[in-house]
Each structure stands twice: as C-alpha cells, then as structure tokens.
Amino acid sequence: MNPFCSIENTRWKIGLRVLPYLCAGILLAALSASAAPRFPQPDFDTGYTHPQQEYPATEVQAVEYLDIALLFGAIAAASYLALKKRSRRGLLILTVFSIAYFGFWRKGCVCSVGSIQNVAAALFYPFSPVSVTVYLFFILPLVSTLFFGRTFCSSVCPLGAAQDVVALRPVRVSPLVEQVFGLIPYVYLGAAVLLAATGSTFIICRFDPFVSFFRLSGPVLLVSLGAVFLLVGIFIARPYCRFFCPYGVLLGWLSRFSRRHLTITPDECVQCRLCEDSCPFGCIRKPSPESEPEERRTGVRRLGMLIGVLPLLIVAGGWAGGQAAEPLSRIHRTVALVEQIGAEEGGAAPESSLQSDVFRASDKSILMLYSEAEAIRSRFSIGSWILGAFIGLVVGCRLIGLSIRRTRVDYEPDRASCFSCGRCMDYCPVGRKKEQR
Amino acid sequence: MTSSKKSVGYRCAAAVAIVSCVFCLTVTTLMIANYVLITRANPLESPVLTELAEKAGKERDAALAEDVRDLDLMVRRAFFSSVAFAGTGAYLLTAGLAVFLISLQSMGMLWGVHPDPGKYIPDDEGLAEEKAKRRMAAVGGVGLAALALVLAAIYLPLPSYDDLRGNGQNDTAGRAVVYSPSVDEIESNWPSFRGPYGLGTALRPEAPLKWDAASGAGIVWKVKLARTGFSSPAVWGDRVFLTGGDKEAREIYCIDAATGDLVWTHDVGVVPGGPDKLPEVSEDTGYAAATVATDGRHVIAIFATGNMVCVDTSGSRLWARNLKIPDNIYGHASSPIIHDGMVYAVIDDSSGRTLFALNVSTGATVWENSKATEPCWSSPAIVKLGGVYQLIANGNPEVCGYRASDGNLLWSVACMTGEVAPSPAADSNLIFAANEYAIMAAIDPAAGNKVKWQTDSDLPDVSSPVAAGGFLYVANSHGMVTWYQSDTGTKLWSKEFDDGFYSSPVVIGDRLYITDMSGNTFVLAAGGKYREEGRGTVGESVVTTLAFVGSRAFIRSAGHLYCVGVK
C-alpha cells in the first residue's frame with residue numbers, strides 16, 4: 001500500500017515530499033565537500049599549508065517557493081491596499097518591504113522585469129532551461145494586472161519601489177516629451193526579446209540600474225547609472241518605470257482590460273479638480289469637455305487616414321529595422337568573434353583578443369564558426385524586421401489612440417499608465433470624508 | 001494627518017534628514033576617494049614592485065627578494081583594506097540613505113497633502129496639446145527609424161561569408177575573381193618549392209651547365225644571408241624570395257636577381273594567434289624550413305610557429321595569421337603553394353592533418369580540411385588530373401588528392417609509413433609518392449586509385465622524386481640516384497654518388513639537376529641513359545632545392561645565396 005496514500009495528515013505528506021529534496025541537498029553538500037580538487041595544488045618547499053577548499057552551499061529549493069509565495073502575497077496585499085483599503089500608508093510600508101526582501105535580500109534576482117528574456121529565450125531556444133520560479137515571476141504579475149490593474153508596480157516591483165521612495169519633489173513632465181520617450185519601453189522590450197531569442201544577451205539584466213545598489217557592489221558605470229536614475233527620480237518620478245521598463249509595456253496592455261482598477265474617488269466624483277496635479281506620473285485623465293473642440297468629420301477623416309497608413313508604418317518600420325540587423329547582430333558573441341578574427345587576419349586589429357586566442361586554441365574550425373555566425377545573422381535579419389514592424393505598429397497605434405476621443409465623466413487614472421501608487425486617493429475629499437466616517 | 005512645519009515631529013524628521021544627508025555625503029565622498037585609491041594601487045600592476053621583482057630575479061639577491069615579498073605583502077594588505085572599506089562603506093551608505101529617505105517620507109506624511117486645483121485648461125488649448133502630442137509621436141517614430149538607418153550606415157558592413165569563402169565576386173563558374181597569374185607566367189618563373197606546381201620540373205629555362213664558386217666561374221653573384229634557414233629560393237621576375245629565422249626573429253628576404261642586392265627584409269614579428277613560446281625544432285629544420293610561395297604580387301611564407309605572412313612585392317604586410325601551431329618532433333617544413341588565387345598549406349602534426357586553402361589577397365579561409373594522419377614534412381603539389389586541378393599531398397599513411405577549388409577529397413591510397421618528408425611527383429596522369437621504410441608507389445587515380453607499380457629499393461628519405469618525359473628520378477641521402485621508366489616502374493639505372501642528397505632533383509628541359517650535400521650539382525641528360533653534361537659546385541653544404549629562371553639558377557647554401565649562370 002502506498003504509504004503516501006495511507007497518511008492523511010497533510011503535514012506529514014508535505015514533510016515526506018520535502019524530505020527527498022533535503023536529503024539530496026545534504027548529499028550534494030557532502031559530495032561537494034569531499035570532491036577532489038580539479039587541478040593538483042603545487043607543493044611549496046617552505047612547508048606552506050594550503051587552506052581547506054570551501055564550496056558554496058547548494059541553494060535549497062524551498063527558498064524559491066518562499067519567493068513565489070511572498071510575491072503572491074505581496075501582490076495580493078498591494079491589490080487589497082490599493083483597491084479595498086485605499087491606504088497610501090500601507091502601500092508605502094509594502095514598498096519598503098519589497099525593497100528590503102526582493103531588492104536587498106534576494107539581490108534583485110529573480111525579477112519579473114528580467115523574466116521576459118528568460119521566457120523569450122525558452123520560446124526560441126529550446127535548450128534554454130527556465131525554472132518554474134521564473135515562469136511564475138513572469139506570469140503572476142500579468143495575471144494580477146488583468147484583475148486588479150498595475151498593483152504589482154505600486155509597491156511590489158523592487159525597481160519601481162526604489163524609485164517610488166525617492167520621488168520627493170516630482171515635477172510634471174511635458175506630455176509632448178512623454179510621447180517621444182514613451183516609445184522607448186517598446187523599443188527596449190522588442191530589443192530585449194530579440195537579443196534573448198537569438199541567444200545574444202539579456203540586456204535588461206545587464207543594464208539594470210538598481211541591481212548594483214541591491215547587491216551593494218557593481219561596475220562603476222552601472223552604479224553611476226543607478227545613481228543617475230535615483231537622482232533624476234527625485235524630480236521626475238519613476239523615470240525607469242515610465243520611460244524604460246519593458247515589462248511595463250505588457251502590464252500596460254493588460255491593465256487596459258483589467259476587471260477592477262484603482263479609482264481616485266471611492267464614490268461619485270464631485271468634479272472638484274483637487275486631484276488634477278496629485279499624480280507625480282501625469283496619469284490622471286480629466287473629464288471630457290462638454291462640447292467637441294473640433295468637427296467630428298475632421299476627426300473621423302483623420303482617424304481613417306491613420307488606420308489606412310498603419311500597414312505602411314508597419315512595413316516602413318520593418319524595413320528600417322531590417323537595416324539595423326547587421327549592427328545588432330554584432331552584439332552576439334559569435335558574430336563579434338568572426339569580426340574580430342577577420343580584423344586580426346586582415347591586419348586591421350593590432351593584436352589578438354582573448355576570445356580569438358581561445359578560439360584558435362580550440363578544435364573548432366573557422367568554417368564552422370562562420371556557419372554559426374551566418375545562421376545567427378539570418379535570425380537577426382528576420383528578428384530585426386519583426387522588431388521594426390512592431391515599432392511601426394506601436395507608433396501607428398499611438399497616433400490612432402491620440403485621435404480617438406474617449407468620453408470621460410469623472411477624473412480617473414489612465415489605466416495603462418497608472419501605477420496604482422495611491423497618492424491621488426489622499427487628495428480626494430470624498431475619500432477623506434469616507435475615511436473620517 | 002497634517003502638521004505644520006513647526007511641529008515637533010516634523011522638526012525631528014527634518015533634523016534626522018539633515019544629519020543623515022550629511023552622513024551620506026561624507027560616506028560617498030570617502031568611498032569615491034577610496035575607489036580612486038583602489039584603481040591606482042592595484043598590486044598586480046605596481047611598476048615599482050615589478051621592477052624590484054625583476055631586479056631580484058636577475059641578480060638572484062635573496063635579501064632583495066625578501067624585501068620585495070615584504071613590500072608586496074604591504075601593498076596587498078593596503079589594497080584589500082581598501083576593498084574591505086568599500087564594502088563597509090556600501091553598508092553604511094545604504095543604512096544612511098534608508099534613514100534619509102525614511103525621514104523625508106515622514107516629513108512628507110507629517111506635512112500632508114495640500115491639493116491645488118491647478119491651472120484651468122480650456123478646450124481649444126487641450127486640442128492644441130492633442131495635435132502636438134500626435135506630432136511628437138510621429139517625430140518619435142521617425143527618429144527611431146532614422147536611428148536604425150544611422151546605425152546601419154556608420155557600421156561598416158560585415159564581409160559576407162561568401163566573400164570570406166572567396167565567392168564574393170563570382171565569375172561564371174561561381175568562383176571568386178581574384179588575381180591569378182597566367183600559365184605562361186607560372187612556368188616562366190619559380191613560384192614555390194620545386195618550381196611551377198611544386199613538381200620539380202620547368203620547361204622554359206635555359207639553365208647553366210657549369211660553375212665553380214672557388215674560381216668564380218659561372219658565379220654571377222653571391223650574398224650572405226642574415227639568418228639561417230632551410231627554405232629554398234623562390235623567384236619571380238627579377239626578385240628572389242627567401243626566408244630565414246632563429247629564436248630571435250623570423251624574416252622574409254627579397255633579393256635583386258640581377259645584382260644580388262638585398263631589396264627588403266620583412267620581419268614577421270608578432271602575428272595574431274601566434275604562440276607565446278617558440279615551438280621546439282631540430283637543428284636540421286630550424287624555424288624557416290618552408291619555402292616561400294609567390295604569384296608575382298603576393299609573397300607568402302610560413303614558419304615553424306605556424307605563422308603565415310603575406311607581403312606584397314615591396315615588402316609591406318598584407319595579412320598575417322596563425323594557421324595552427326605545429327606540434328612535431330623536427331619542426332614545420334611543408335611549403336605553401338599558390339594556385340588560382342588561393343594559397344594552400346598543409347600542417348601534418350601530432351594532432352593530424354589540417355589542409356588550409358586561403359584567399360591569397362585577404363588570407364581568409366576559403367576551405368579547410370582535416371584528416372587523421374601522422375606527422376609529415378612533405379609539401380603539396382598541384383596536378384591537373386581528369387580536367388580538374390588537384391592538390392596532391394603525401395602523408396602517413398595516405399597519399400591524397402583533393403579538389404583544389406573546394407577541398408573535396410577525391411581519392412586516397414594508403415601506402416606510406418614512417419616520417420614522410422618527400423613531396424609527390426607527377427607525370428602522365430600518374431602520381432608518384434615515396435618514403436624510406438615504405439615504398440615508391442606509382443598511383444593511377446583514374447583507375448580506381450590503383451597502385452600501378454611499386455618498389456621498395458633506393459627509397460628517398462628527404463629529397464623528393466621528380467618525374468618528366470616518361471622517366472622518374474629518385475635521389476636519397478645515402479647518395480643513390482635511381483632512374484625508372486615512370487609508367488612501368490622498370491629500373492633503368494642507378495648510381496651511387498660520393499655524398500648524399502637532401503636537395504630534390506629538378507628536371508629543366510631535357511636535363512636533370514641533382515645537388516649533393518657538399519654543394520656539388522650534377523647536370524645529367526634526362527632520359528634513358530646516364531650521361532653527365534655538366535657540373536657545378538659552390539663549395540659549401542647545400543640541402544635546399546635549386547631554383548631556375550631564365551638562364552640562371554639560384555642556390556641556397558648554409559650561409560649564402562648564389563646566382564649561377566652567364567654574367
């Protein structure tokens with residue numbers, strides 16, 4: 001009889017299921033400790049005693065389960081605090097917790113923003129392993145956004161949380177500048193997916209401006225970049241989230257269709273306009289004017305033209321993206337190596353690089369390297385076309401979106417761009433009155 | 001909750017913010033200073049320590065060595081103290097920033113919100129803003145497209161791999177259109193080891209018959225070479241090309257064929273991918289045993305390091321690369337050969353054979369072929385069989401024929417063994433390969449790779465056989481010269497000379513030239529009967545093969561290059 005079936009106590013079941021993993025972990029640690037050194041150590045005449053070799057402990061799987069559980073719990077708490085409790089203070093406390101745990105304790109990894117690349121790599125590179133944890137870090141915030149809006153951004157994402165706490169004297173960014181810079185996250189998303197899918201690099205992780213702070217060390221450039229983001233973030237709230245975050249693109253799309261979303265007022269809006277400038281991110285949308293500012297016919301004609309031009313924008317974008325395929329392909333280490341070897345052999349490079357030296361010392365033939373590089377370049381040709389077409393589509397949709405008049409009765413946050421931080425709630429007199437009651 | 005700026009809580013929070021801000025700024029300044037210190041005081045790059053360590057090593061001064069160790073320990077302690085300081089500083093800064101931000105947030109919360117309705121924006125201003133937004137969105141899109149085009153423009157295009165494989169500019173047969181001398185030019189010069197196509201025969205020259213270095217008769221000029229080498233001369237037009245090399249340097253020389261003046265010397269120097277340490281070579285081989293290959297525009301040399309260098313006829317480097325660092329007991333000796341815009345090189349060493357075909361102009365690999373073989377020192381030859389130019393390579397255990405254009409192995413015959421140094425010969429669609437302790441085989445590739453005939457006597461060990469006009473001539477280091485009928489293998493005659501032969505015999509017109517290790521060249525009538533028609537001597541050791549162009553011959557001895565013929 002299966003002992004697992006006969007035991008009805010849930011705790012025993014869980015314990016017995018965890019036990020093999022614990023044993024494996026202990027066994028691995030023991031094996032690691034007793035493993036012979038890979039290279040023989042030199043003998044010194046002076047009688048020097050080599051220090052005992054130490055091996056890092058194997059990370060227990062339970063830690064990853066804890067991460068997932070805490071992520072789920074934090075998103076649930078953020079959604080509750082933003083939508084139900086409407087507590088800005090609670091969100092702030094949760095923000096501090098996220099910075100402390102997901103940021104400093106877990107050192108900013110795994111994060112949902114970077115998980116885009118893991119998923120992209122797994123889709124296009126069959127040999128790329130992705131753990132369940134990474135998949136859940138990718139999916140959970142997206143699913144929660146479909147139900148509750150971008151509550152993940154409000155106080156759970158460690159990157160956003162770090163910027164949120166330094167947003168002390170935010171100024172309004174011109175909407176015109178926002179239109180231009182607002183395209184960057186789409187480009188970043190497309191480039192990150194392209195580079196991950198081609199096995200080139202994970203640029204989101206490489207250029208994460210805050211990871212060096214979470215890890216208390218990092219390359220000078222990255223530390224400087226993070227410092228710049230935080231300093232700018234004092235005045236331009238959440239610059240990374242608004243103008244760079246690729247994950248925010250996905251959240252923004254889903255948030256438009258969310259079942260529920262944070263509202264400024266808990267009840268009926270009294271049109272007091274007190275919340276107009278409350279949002280440091282410029283996400284509050286005003287009620288529609290009573291009279292149409294331009295002729296409907298003009299607007300319809302413009303909309304029709306933009307819809308008609310959309311396919312052209314996609315094709316033009318694809319073509320432009322295709323032109324950038326070659327420069328982009330050089331990011332891949334194999335293509336870069338071929339270029340380096342070609343430069344060395346053609347006399348353009350004064351000396352060889354470590355990579356080319358290692359290649360020459362290997363058994364791989366130059367023809368095989370060229371073939372690999374050719375295959376990578378052809379993937380970039382296709383990928384760059386798709387990236388360009390995607391950007392063309394985004395630009396076209398933006399133009400169309402700016403031409404569509406939405407009827408709004410109340411002051412409400414823009415569902416796509418609102419981070420559900422809850423700052424606006426404190427400005428609403430209806431909310432305050434309800435709170436006092 | 002709101003509060004005034006004068007409330008106790010707000011003031012406390014403000015005070016804490018100020019103090020923590022000052023603390024953070026102080027720690028940041030100290031960390032920046034510490035970072036500068038770390039980057040400047042890297043113990044691995046200390047010039048003082050390096051100089052002292054070198055001095056202690058050269059002078060073998062134990063006391064100085066001890067001082068160096070103490071100084072090194074001090075520098076390392078200082079470095080790691082700075083690193084530890086940086087780590088501590090990071091924690092302090094983080095804590096300071098946390099306190100600073102918490103105090104600022106507390107101030108904000110205590111101050112509370114003060115809503116301001118904001119400026120009223122009338123409807124037509126909102127319309128103008130909408131138009132501006134659309135314009136900016138379009139500007140953003142155009143800007144991104146422009147960025148993509150700029151990126152494409154500023155980056156020079158990568159060479160297409162068809163170009164690198166030599167198929168960039170294609171002729172009608174789909175091959176790269178590169179410079180290639182005419183057959184007439186090839187046969188009028190001595191472009192590589194053993195002359196045109198590497199077969200040891202030349203139809204055109206009117207070679208000299210007699211010379212004597214002691215009396216000067218028939219010696220046009222004699223020059224001393226800067227460095228030793230066992231490469232044979234290659235000649236194109238009025239230029240003679242040689243290599244020399246030792247542990248100090250490896251060089252290519254260009255000498256005026258008319259006067260013997262040194263035109264230029266090219267020091268190979270450092271080549272990308274080349275070995276850091278020179279491979280071990282025997283004294284009999286040295287670092288410059290492979291003969292140069294030239295097509296009149298490019299001069300290509302390879303050395304024992306595996307470094308291949310191409311220069312133009314003025315001595316300027318065109319390209320250089322390391323093919324492979326040869327690993328064999330004597331050192332690399334196989335000479336490259338140029339044909340149809342490609343230079344071919346064989347490296348047979350302990351890891352097997354690698355056959356390279358490179359674009360002559362760029363050095364880029366056109367094709368590469370690898371095979372499991374034993375180390376060999378033989379040079380390849382180019383033979384046209386069945387309308388196809390083939391690269392013939394002698395090896396252990398197989399003699400192979402590759403299609404020169406793409407490296408396809410067309411045939412191979414396993415008939416060799418031992419340390420194969422002789423290069424193949426060819427005549428009347430037969431390929432001749434031989435080696436001491438193996439056999440002399442006449443291979444007919446057209447007849448299913450059959451060995452048409454073979455013999456195991458008077459086999460060569462270093463010198464390569466030569467075949468022409470229906471006859472095969474073989475010389476070995478024991479002094480034996482043997483004549484065969486090439487199609488049947490019938491031995492016509494053999495003669496034992498006083499000294500052995502390392503130099504390969506050469507058939508010039510209707511004469512056979514063979515040079516022994518004492519520097520005596522015997523000019524024999526080629527054909528069925530032995531008849532001496534001339535003799536020349538340079539009076540010093542000769543192990544290289546003679547080169548013939550026009551009415552002159554070029555002989556490399558142990559330390560000199562001679563030009564013999566009519567002055």
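I looked up the lining of the second largest pocket by class and found 38 nonpolar, 10 polar and one charged residues. Here Ala, Val, Leu, Ile, Met, Phe, Trp, Tyr, Cys and Pro count as nonpolar, Asp, Glu, Lys and Arg as charged, and the others, Gly among them, as polar. I note that the model is predicted, that local features need pLDDT of at least 70 and side-chain atom pairs pLDDT 80 or more, while totals for chains, interfaces and linings use all residues. Residues are numbered from 1 along each chain as its sequence is written, chains are lettered from A in the order in which they are written, and side-chain values use heavy atoms, without hydrogens and water.

**Pocket**

I recorded about 1,800 Å³ of space in the second largest pocket. A pocket is an open set of points on a 1 Å grid over the protein atoms alone, where a 1.4 Å probe fits, with protein on both sides within 12 Å along at least five of seven lines; lining residues have an atom within 4 Å of a point. The volume is the space filled by probe spheres set on the points, which are joined across faces, edges and corners. Of the 49 lining residues, A:F213, A:L230, B:L93, B:T94 and B:L97 are the closest to the centre. I then asked which element gives the largest share of the lining. It is α3(B), with 15 residues. Helices (H or I, at least four residues) and strands (E, at least two) are DSSP runs, numbered from the N terminus.

**Interface**

I found 58 residues of chain B in contact (heavy atoms within 4.5 Å) with 59 residues of chain A. The two chains bury about 5,100 Å² between them, 67% of it on carbon and sulfur atoms; this is the accessible area (1.4 Å probe) lost on putting the two parts together, summed over both. I looked for salt bridges across the interface (a side-chain nitrogen of Lys or Arg within 4 Å of a carboxyl oxygen of Asp or Glu) and the rule finds zero.

**Backbone**

I noted a cis peptide bond between A:C109 and A:V110, with omega about 10°. A:V110 is in the loop between α4 and α5 of chain A. The peptide bond from B:N396 to B:P397 is also cis, with omega near 10°.
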